[in-house]
Amino acid sequence: MDSAKYLDRIDSLCTGDLTVQHSESDVLMEGPGYRIVSLEATHGTWTGDGARRERTVEDFHALKEHISLLLDDRWGAQQPPWWMGTLVVRIDRGEPIPEPWATASTLVDELNLWQPDGTCRWVAVGVADADLGDGIHLLVLVTETDPP
């Protein structure tokens, strides 16, 4: 996928109906008022070549920053990067965290975050790379639920 296709997909999530479940192959999770989509992914497990995996993770983070700059141009500067560790601590203390933020805290360490003017939605972009047994994903999260 190229940058224009990523932006088109993000646009479709910003304007689409988040109350209806969809069967698109890129949807990782969805629920009332949110959708988490994989814009790009590697597949399979990573055994043996840790250096190759690390280079791939770096490439995905660079792609996240590239998409983030394009979204900054479109919507203005993003919120400061949001470290998800705070949510993990709050969940561990038993505090209820709404979806999709609770799930996002298990997938990514950090999100770049915007609230586009004229929408009641939040858009976040992150890289899911923590699970060595899973692929690496460039994720976009779109939700009507304010970050906690």
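How many bridges join β2 to β6, and in which sense do the two strands run? Select both strands: seven bridges join them, and they run antiparallel. Strands here are DSSP runs of E with at least two residues, helices are runs of H or I with at least four, and both are numbered from the N terminus. Two strands count as paired if DSSP finds at least two bridges between them.

Before going on, note that this is a predicted model, in which local features need pLDDT of at least 70 and side-chain atom pairs count only at pLDDT 80 or more, while totals for chains, interfaces and linings use all residues. Residues are numbered from 1 along each chain as its sequence is written, and side-chain values use heavy atoms, with hydrogens and water left out.

**Stop 1: the sheet**

Select the strands. They form an open sheet of six in the order β1-β2-β6-β5-β4-β3, with antiparallel pairing. β1 and β3 (82-83) stand at the edges with a single partner strand each, so one side of each has no neighbour in the sheet. Strands of a sheet pair through backbone hydrogen bonds.

β1 and β2 pair over four antiparallel bridges, and Glu30 stands opposite Arg35 in β2. Arg35 in turn stands opposite Val142 in β6.

**Stop 2: strand β6**

Colour β6 by accessibility. Seven of its seven residues are buried, where buried means under 20% relative accessible area, exposed means over 50%, and partly exposed lies in between (1.4 Å probe, protein chains only). His137, Leu139, Leu141 and Thr143 point one way from the strand, and Leu138, Val140 and Val142 point the other way.

Now pick Val140 and show its contacts (heavy atoms within 4.5 Å). Leaving out residues up to four places away in sequence, Val140 touches Ile10, Leu13, Arg35, Ile36, Val37, Leu39, Val123, Ala124 and Val125.

**Stop 3: the nonpolar cores**

A nonpolar core is a set of buried Ala, Val, Leu, Ile, Met, Phe, Trp, Tyr and Cys residues joined through side-chain atoms within 4.5 Å. In the largest one, which has 21 residues, select Ile10, Leu39, Leu71, Val123 and Val140, the members that touch the most others. α1 (3-15), β2 (34-41), α2 (50-75), β5 (122-128) and β6 (137-143) each supply at least two residues of this core. The largest share, five residues, comes from α1. A second, separate core has 17 residues, including Ile36, Trp82, Met84 and Leu111.

**Stop 4**

Show α1 and α2 against the strands. α1 packs on the sheet and touches β1, β2, β5 and β6; its direction makes about 170° with that of β2. α2 lies across β2, β4 (110-114), β5 and β6, and runs at about 15° to β4. The axes are lines fitted to C-alpha atoms, for helices over the stretch in contact, and the angles run from 0 to 180 degrees between N-to-C directions.

**Stop 5: salt bridges**

The whole structure has eight salt bridges, each a side-chain nitrogen of Lys or Arg within 4 Å of a carboxyl oxygen of Asp or Glu.

Select Arg9 and Asp26. Their closest N and O atoms are 2.7 Å apart. Arg9 lies in α1 and Asp26 in the loop between α1 and β1 (27-31), so the pair ties together parts that are 17 residues apart in sequence. Arg9 is buried at 14% relative accessible area, and Asp26 is buried at 17%.

Return to Arg35 and Glu30, whose side chains meet in a salt bridge (2.8 Å, N to O). Arg35 is buried at 4% and Glu30 at 18%.

Next take Arg93 and Glu95, with closest N and O atoms 3.7 Å apart. Here Arg93 is exposed at 62%, and Glu95 is partly exposed at 30%. Then select Lys64, Glu65 and Glu110, which salt bridges with shared partners join into one network.

**Stop 6: the cysteines**

The structure holds zero disulfides, a disulfide being a pair of cysteine sulfur atoms within 2.5 Å. Cys14 is buried, at 11% relative accessible area, whereas Cys120 is partly exposed at 48%.
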